[in-house]
Structures are given as structure tokens and as C-alpha cells.
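Please brief me on this protein model.

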Amino acid sequence: MNWKTMLAAVAGIGLALPAAAQEREFRLGMITPPVHVWNQEVAALSDTLMELSDGRFSVVAFPSGQLGNEATMMQQMQTGALDMAWLTSAEVTTRVPDMAALHAPFLVNNIADAARVLRSEPAREILGGLPRATGTVGLCYAMTGMRQLMTRDAVDSAEDLGGMRFRITPAPAIRTFFEMFDAAPAPMPLTQVYDALANGQIDAIDMDFESIINFRYYEHAPNMMVTNHHMFGMVALVSARVWASLSEDDRAIISEAVQLHCDRTIDRFVEEEAGKLERLQGIEGVNVTENVGAEFFGDIVTRWDAHWEEQTPYVARLRELVASF
């Protein structure tokens with residue numbers, strides 16, 4: 001989305017345009033713990049903003065859902081109570097159906113192609129709908145890798161997944177995927193997942209390597225299928241009210257800095273994904289089944305696409321894009 005489009009979108013929701021140069025510490029919310037790559041890049045983002053703004057701008061992060069869940073942080077940005085957030089693309093799909101296309105099952109089969117999708121023009125076009133739908137401005141995407149399946153009990157076929165209580169991120173596109181193989185989706189915050197696995201409240205999880213390692217989910221769900229069934233993106237958001245209060249020069253500074261760290265986040269996940277899998281393979285008691293592809297789930301891709309193509313043209317556009325890689 002270019003500057004004219006972004007400014008028009010902000011003006012279109014009735015927000016005043018701009019302000020003189022100012023000093024500001026931006027409050028940024030996220031659900032991930034301090035050890036996560038996102039949090040590390042947000043800390044570096046603060047340093048970059050300090051440098052580019054000659055010391056006027058910095059960021060203070062609120063990790064681990066300190067400000068509430070992602071829906072709560074989205075509401076806070078709408079009112080201007082929260083300046084920025086790095087939220088999962090899954091959360092944004094609840095308000096911007098076009099973004100559901102980024103969660104199309106087996107859209108890509110490797111993390112390098114996931115990075116290409118997130119940096120593509122169609123993906124950036126989707127950000128254009130955010131100001132009116134969410135009261136936020138989407139500056140760029142990053143990711144937290146590809147999603148895998150972790151189960152308490154061993155799985156031999158897709159039929160074994162039927163009836164399992166799967167912790168998922170509460171997004172319609174993700175729920176559709178799990179319901180199509182008769183699993184029982186169970187949305188819950190990351191902070192509750194470990195205990196839920198330990199006490200048998202849930203049977204399985206849909207998770208990326210980074211979080212599996214950071215939260216040690218393998219201790220209670222030792223069976224991992226490397227499915228890469230969908231990418232798990234992040235959207236770097238700024239409150240549209242906050243954005244409207246900034247001068248054009250200051251918007252340019254923030255956009256440059258955030259884009260830099262979105263790109264670094266993507267690059268880190270691409271570079272580190274294989275090593276994270278190797279680390280999990282080396283943990284005693286963890287059973288890893290590799291190369292579990294779309295065929296394991298029968299015709300689920302066809303059925304999912306048929307359902308979601310009625311709601312957004314970006315499913316077909318992204319499938320066509322990936323076919324060109």
C-alpha cells in the first residue's frame with residue numbers, strides 16, 4: 001500500500017491529519033514471551049527508531065499478553081489507548097476476511113515460499129482494508145514459521161485426528177480446516193496451552209517450531225507431524241488514530257524502521273527453521289514424522305478453497321501466485 005493510499009484510508013475513517021515533530025515513546029503490545037524472535041526484533045526496533053528519529057522515538061514492549069489478548073489489543077488501538085501491536089494474521093482475519101487467504105491449507109510447502117507470499121503485492125493489497133475494518137494501519141508482515149501438528153497420542157491416519165480436541169488460534173479460516181477433518185477446535189491463549197496438555201484438557205495443538213521449543217509443549221504432546229499445513233503470519237500494526245497524529249516525515253521514519261524489522265524477522269525464521277526441526281528431533285522422547293503433506297488429509301484443500309473462495313478472491317489469487325514460483 002503506497003503513501004497516498006494509506007493517507008486516504010486514514011482520512012476516510014474521519015481522523016485528523018497531522019502534527020508537528022514530537023518526542024514519543026510508543027507502547028507496543030504482543031502475545032509472545034520475551035524469548036521469542038518477535039520480541040527480540042521489537043527491542044531492536046526501538047533502537048532503530050531512536051537512530052532514525054535523532055532520539056525522538058522509542059518503543060516500550062508489553063509481551064506475553066500483558067495488555068490482554070489480541071482482540072483486546074486491537075480494540076485498544078482503535079481508541080488510541082495502544083499505539084502499536086505485532087499481532088498474528090489469524091486475529092486480523094476475524095475483521096478482514098481477505099486475510100484468511102494467507103491461512104489457506106498447504107498454500108506453500110516450505111517456509112521460503114511463505115516468505116515470498118508475505119512479501120508479495122497481493123498480500124500487501126490486503127493491508128489496504130485494515131484502516132476501515134480495524135481502525136489500524138498495517139505496515140508490513142512478518143511470521144513465526146510454518147504450523148505443525150503435535151499430539152499426545154500417536155497418529156497413523158487422518159481418521160485418528162477425528163474427535164481430537166485441538167488447541168487452535170481462534171480464526172475462522174483455521175477453524176474451518178480442523179472442522180473439515182472432524183477435529184474439535186479449542187481456542188485458548190498460549191499461556192494456558194502447556195497446562196491444558198498436561199491435564200488432558202486438550203489432545204493436540206496446531207503450533208510452530210518456535211513456540212513448541214519455547215513453551216516445551218513436546219513434554220506433554222511428544223508426537224509431531226511435520227505438515228507445514230499453513231504459514232503463520234504476523235501483521236505490524238499502528239493505531240490509525242496515532243498514525244493520523246504524525247507528520248508525513250515521521251510516518252516515513254516509522255514505516256522504514258518497522259519494515260526493516262519485519263524483514264529481519266522473516267529472514268530469521270527462514271534461516272532458522274531447519275535448525276529448529278533438528279533441535280526437536282534431538283530431544284529424547286519426541287517422535288517426529290516428516291513430510292506429511294496435503295494427501296494425508298484427502299480432499300481437504302479442495303473443500304477448504306471452495307468454502308473460502310466464496311468469501312475472498314485472494315484464495316485464488318494466492319494459489320495462482322504460488323503456482324508461478
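Thr-88 counts as buried, at 3% relative accessibility; buried means under 20% relative accessible area, exposed over 50%, and partly exposed in between (1.4 Å probe, protein chains only). Thr-88 is found in strand β3 (residues 84-88). Helices (H or I, at least four residues) and strands (E, at least two) are DSSP runs, numbered from the N terminus. This is a predicted model: local features need pLDDT of at least 70, side-chain atom pairs count only at pLDDT 80 or more, and totals for chains, interfaces and linings use all residues. Residues are numbered from 1 along each chain as its sequence is written, and side-chain values use heavy atoms, with hydrogens and water left out.

**Around Thr-88 and Ala-186**

- Leaving aside neighbours within four places in sequence, Thr-88 is in contact with Ile-31, Trp-38, Glu-70, Thr-169, Phe-232, Gly-233 and Met-234. Contact means heavy atoms within 4.5 Å.
- Ala-186 has its place in the loop between β6 (184-185) and α9. Ala-186 is buried, with a relative accessible area of 18%.
- Not counting residues up to four places away in sequence, Ala-186 touches Phe-166, Arg-167, Ile-168 and Ile-202.
- The C-alpha atoms of Ala-186 and Phe-166 are separated by 5.5 Å, and the two residues are 20 apart along the chain.

**The largest pocket**

- The largest pocket has a volume of about 460 Å³. A pocket is defined on a 1 Å grid over the protein atoms alone, as an open set of points where a 1.4 Å probe fits, with protein on both sides within 12 Å along at least five of seven lines. Its volume is the space filled by probe spheres set on the points, and grid points are joined across faces, edges and corners.
- The largest pocket is lined by 26 residues; the closest to its centre are Ile-31, Glu-70, Arg-167, Pro-189 and Leu-190. Lining residues have an atom within 4 Å of a point.
- At least two residues of the lining come from each of α3 (70-79), β4 (136-151), α9 (190-198) and β7 (204-208).

**Aromatic pairs**

- The structure holds 13 aromatic pairs. Rings of Phe, Tyr and Trp (its six-membered ring) pair if their centres lie within 6.5 Å; planes under 30 degrees apart count as stacked, over 60 as edge-to-face and the rest as tilted.
- Phe-106 and Phe-297 form a tilted pair, 5.8 Å centre to centre with 45° between the planes. Phe-106 lies in the loop between α4 (89-93) and α5 (111-118) and Phe-297 in the loop between β10 (287-289) and α13 (300-308), so the pair ties together parts that are 191 residues apart in sequence.
- Phe-106 and Phe-297 are both buried.
- Phe-215 and Tyr-217 have ring centres 5.3 Å apart and planes at 10°, so this pair is stacked. Phe-215 and Tyr-217 are both buried.
- One aromatic cluster is formed by Phe-106, Phe-166, Phe-177, Phe-178, Phe-181, Phe-296 and Phe-297.

- The charged end of Arg-56 sits over the ring of Phe-57, 4.7 Å from the ring centre. A charge sits over a ring if NZ of Lys or CZ of Arg is within 6 Å of the ring centre and within 35 degrees of the ring normal.
- Arg-116 lies over the face of Phe-325, at 3.9 Å from the ring centre.
- Which side chain does a polar contact of 2.6 Å join to Asp-250? The partner is Arg-56. A polar contact is a pair of N or O atoms within 3.5 Å; within protein, one must be able to donate a hydrogen and the other to accept it, and residues adjacent in sequence count only if both atoms are side-chain atoms.
- Asp-250 is found in helix α12 (residues 248-281) and counts as buried, at 2% relative accessibility.
- Asp-250 and Phe-57 are 193 residues apart in sequence, with 9.3 Å from C-alpha to C-alpha.

**Asn-39**

- Asn-39 lies in helix α2 (residues 37-52). Asn-39 counts as buried, at 8% relative accessibility.
- The side chains of Asn-39 and Thr-32 are joined by a polar contact of 2.6 Å. The Asn-39 side chain also reaches the backbone oxygen of Pro-33 at 3.1 Å.

**Positive phi**

- Asp-54 is not a glycine, yet has a positive phi of about 55°. Asp-54 lies in the loop between α2 and β2 (57-62) and is exposed, with a relative accessible area of 72%.
- Ser-64, also a residue other than glycine, has a positive phi near 55°. Ser-64 lies in the loop between β2 and α3 and is partly exposed, with a relative accessible area of 32%.
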